[in-house]
Amino acid sequence: QGQLVESGGGSVQVGGSLRLSCTAYGDSYSRVRMAWFRQAPGKEREGVASIYTILGNTDYADSVKGRFTISQDNAQDNAKNTVYLQMDSLNAEDTAMYYCAASFLKLARLDASQYTWWGQGTQVTVSE
C-alpha cells in the first residue's frame, strides 16, 4: 500500500530536458495530492511541483515555473496512478536527488511535512 517507484533521472547538459515518472501502487483514492521534491547536497529538501489528482490543479516552486511541468496519467486505474515531471531548460542549480511523494491531504501542496508516502529518489545531474 502506497509504494512509490520513480524513474527517469540521469545526466544532462545545461539547457537539456529530462522526464521523471512516478508510479504509486495501491488504493489511489487516498492519494489526492502527489508531488516532486528535490534535495541537493548540503541543502534542505525543496518542493518542486505538486498536483491535486482529483482536478489536476498544480503548484510550482518559483525556481521552476515556466520550465517544469507536472502531469498525471489519466487512465482510470484504482490500483495505481502515475505522475510525471517534465523538466526543460535545465541548469546546474537543478542538480539534486528528486523524490516523488503522495499525500491524502488536498492542501499539502509543496509542504513536505504533509506527505505520507515517499519514493526512494532518482538522481538528476546537470552539467556544463
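Colleague: Is strand β9 largely enclosed or largely open to the outside, and why?

Modeller: A strand here is a DSSP run of E with at least two residues; helices are runs of H or I with at least four residues, and both are numbered from the N terminus. Buried means under 20% relative accessible area, exposed means over 50%, and partly exposed is in between, with a 1.4 Å probe and protein chains only. Seven of the eight residues of β9 are buried, so β9 is largely enclosed by the rest of the structure. Note that this is a predicted model, in which local features need pLDDT of at least 70 and side-chain atom pairs count only at pLDDT 80 or more, while totals for chains, interfaces and linings use all residues. Residues are numbered from 1 along each chain as its sequence is written, and side-chain values use heavy atoms, with hydrogens and water left out.

Colleague: Which strands are joined to β9 by bridges?

Modeller: Two strands pair if DSSP finds at least two bridges between them. Strand β4 (residues 33–39) runs antiparallel to β9 and is joined to it by seven bridges; in one of them, Gln 39 has Met 97 as its partner. Strand β11 (residues 122–127) is also antiparallel to β9, with three bridges, and Ala 96 is partnered there by Val 124. Strand β10 (residues 117–118) pairs with β9 in the antiparallel sense over two bridges, including the one between Ala 102 and Trp 117.

Colleague: What is the strand order in the open sheet of four strands?

Modeller: The order is β1-β3-β8-β7, with antiparallel pairing. β1 (3–7) and β7 are the edge strands, each pairing on one side only. Neighbouring strands in this sheet are turned by 15° against each other on average, direction ignored; axes are lines fitted to C-alpha atoms, for helices over the stretch in contact, and angles run from 0 to 180 degrees between N-to-C directions.

Colleague: How many bridges does β8 form with β3, and how many with β7?

Modeller: With strand β3 (residues 18–25) there are eight, one of them between Arg 19 and Gln 86. With strand β7 (residues 68–72) there are five, including that of Ile 70 with Leu 85. Six of the eight residues of β8 (residues 80–87) are buried, so β8 is largely enclosed by the rest of the structure.

Colleague: Which residues form the disulfide?

Modeller: A disulfide is a pair of cysteine sulfur atoms within 2.5 Å. The structure holds one: Cys 22 and Cys 100, with sulfur atoms 2.0 Å apart. The pair links distant parts of the chain, as Cys 22 is in strand β3 and Cys 100 in strand β9 (residues 96–103), 78 residues apart. The torsion about their S-S bond is about -75°, so the disulfide is left-handed. Both Cys 22 and Cys 100 are buried.

Colleague: Which residues are linked in a network of salt bridges?

Modeller: Side chains of opposite charge can pair when their charged atoms come close. A salt bridge is a side-chain nitrogen of Lys or Arg within 4 Å of a carboxyl oxygen of Asp or Glu. The whole structure has six. Arg 38, Glu 46, Arg 67 and Asp 94 are linked in a network. Arg 38 meets Glu 46 at 2.8 Å, N to O, and Asp 94 at 2.9 Å between the closest N and O atoms. Arg 67 meets Asp 94 at 2.7 Å, N to O.

Colleague: Are these residues buried or exposed?

Modeller: Arg 38 is buried at 6% relative accessible area, Arg 67 at 15% and Asp 94 at 1%. Glu 46, at 28% relative accessibility, counts as partly exposed.
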